[in-house]
Each structure stands twice: as C-alpha cells, then as structure tokens.
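Subject: Structure handover

Hello,

Please find the structure below. My notes on what was found in it follow.

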Amino acid sequence: MTAPSTFGLSSEARNLHWLLTNLVEEVPGIKSVAVVSSDGLLLLSSDPGRNEEARQARETTRAGPRGSAADLATVVSGVGSLTVGAARLMDFGSVKHTMVAMDEGSLFVMSISDGSLLGVHGSAECDMSVVAYHMALFVGRAGHVLTPELRSELRKSLESESSQPTGSAR
C-alpha cells in the first residue's frame, strides 16, 4: 500500500490514516479499504493513488477502474443503504455489519458511527472472521473521533490530493 501524505493533517486524521494502514498491512487478504460518510462520500482510502484515476474515469466515457477507492466507496454506500432500508422495513433495528461472499472475494461493510461505514474488499483466501475482528477494532477506535469536523478535513484532504497532478511531490 502506498501511504497517503498526512502532512498538514490534524492528529486525529493522522491517527485514522495510521489505523487504516495498519488494518491493510496486518490482515492478510485485504485488497482495499474505504471509509464512507453517511452521504456516500469517500473519506479515507487504502488506495489513494487510484482516486485520481477514478476521477479521470468519471470525466471520460470509460466505466472506471475496477477496484478503485471511488468504486469501493460507491458499492459500500449502496450496500449500506440497501441493508438499512431492509432493516427498517423488517423493523429489526440498526445494521451492524454486512458480508457478501463471492467466488473470487468478499465484501465486508460495518457501521462506524452516525451512518459512516467501513468497507473492506477481501480476496477469496482471506479469513472472514479475522477480517471482521480487525474491522471491529478499527470501528471501536475510529468511531468516537469521526466528528463532523474530522469528516470535513478528510474530504478536503482527498479533494486536494486528487486535484494535484499525478506524480507531483508534496
């Protein structure tokens, strides 16, 4: 994983970047991770270099790169919205987590706080219980610091990162 620049970020934002990097590096089989706000916007990603590719893809007629952070954020937001709607319809309370197992991988979505979501794209070989455990640790550590101010800072950080030319030095 290429670590995003955390220069100029608050200590809370740097801590969240560190937690995300740690999640990806510590858990075998994780391909990418995205933290998504309640309104579906990408806040934090394990694959920040792909954010620029995804933005460029939206501006052209291509469908976009498979597995990019923006694509994962879109899927996580959609799955989160669908499961929240299902829970309301069935009157079962709030959704804690969702797991989708596919032939060649898995998608894990876990609620963080006030509608924010943590999404993990895992390989077919990943141990689902280990991924879920580490996601729960991340949520426990990140949930209380993901304030509106921090979400705004993370959004601005991603926007400025994607507006810089590819390969530029910071």
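Aspartate 39 is partly exposed, because its relative accessible area is 49% (buried is under 20%, exposed over 50%, partly exposed in between; 1.4 Å probe, protein chains only). Aspartate 39 forms a salt bridge with arginine 155, with 3.1 Å between the closest N and O atoms (the criterion is a side-chain nitrogen of Lys or Arg within 4 Å of a carboxyl oxygen of Asp or Glu). The pair joins distant parts of the chain, 116 residues apart: aspartate 39 sits in the loop between β1 (30–36) and β2 (42–45), arginine 155 in helix α5 (residues 148–163). Arginine 155 has 23% relative accessibility and therefore also counts as partly exposed. The structure holds 1 salt bridge.

On provenance: this is a predicted model, where local features need pLDDT of at least 70 and side-chain atom pairs count only at pLDDT 80 or more, while totals for chains, interfaces and linings use all residues. Residues are numbered from 1 along each chain as its sequence is written, and side-chain values use heavy atoms, leaving out hydrogens and water.

The mean pLDDT of the chain is 80, and 78% of the residues score at least 70 (pLDDT is the predictor's confidence in each residue, from 0 to 100). Where pLDDT is low, the predicted coordinates should not be read in detail.

The chain has 5 helices and 5 strands (DSSP runs, numbered from the N terminus: H or I of at least four residues, E of at least two). Their order along the sequence is α-β-β-α-α-β-β-β-α-α. Of the 170 residues, 41% count as buried.

Helix α1 (residues 11–26) has 16 residues and should span 22 Å at 1.5 Å a residue, which agrees with the 22 Å between its end C-alpha atoms (the expected span is 1.5 Å times one less than the number of residues). The buried residues of α1 include Leu16, Leu20 and Val24.

Phenylalanine 92 lies in the loop between α3 (69–90) and β3 (97–102). Phenylalanine 92 counts as exposed because its relative accessibility is 66%.

Regards
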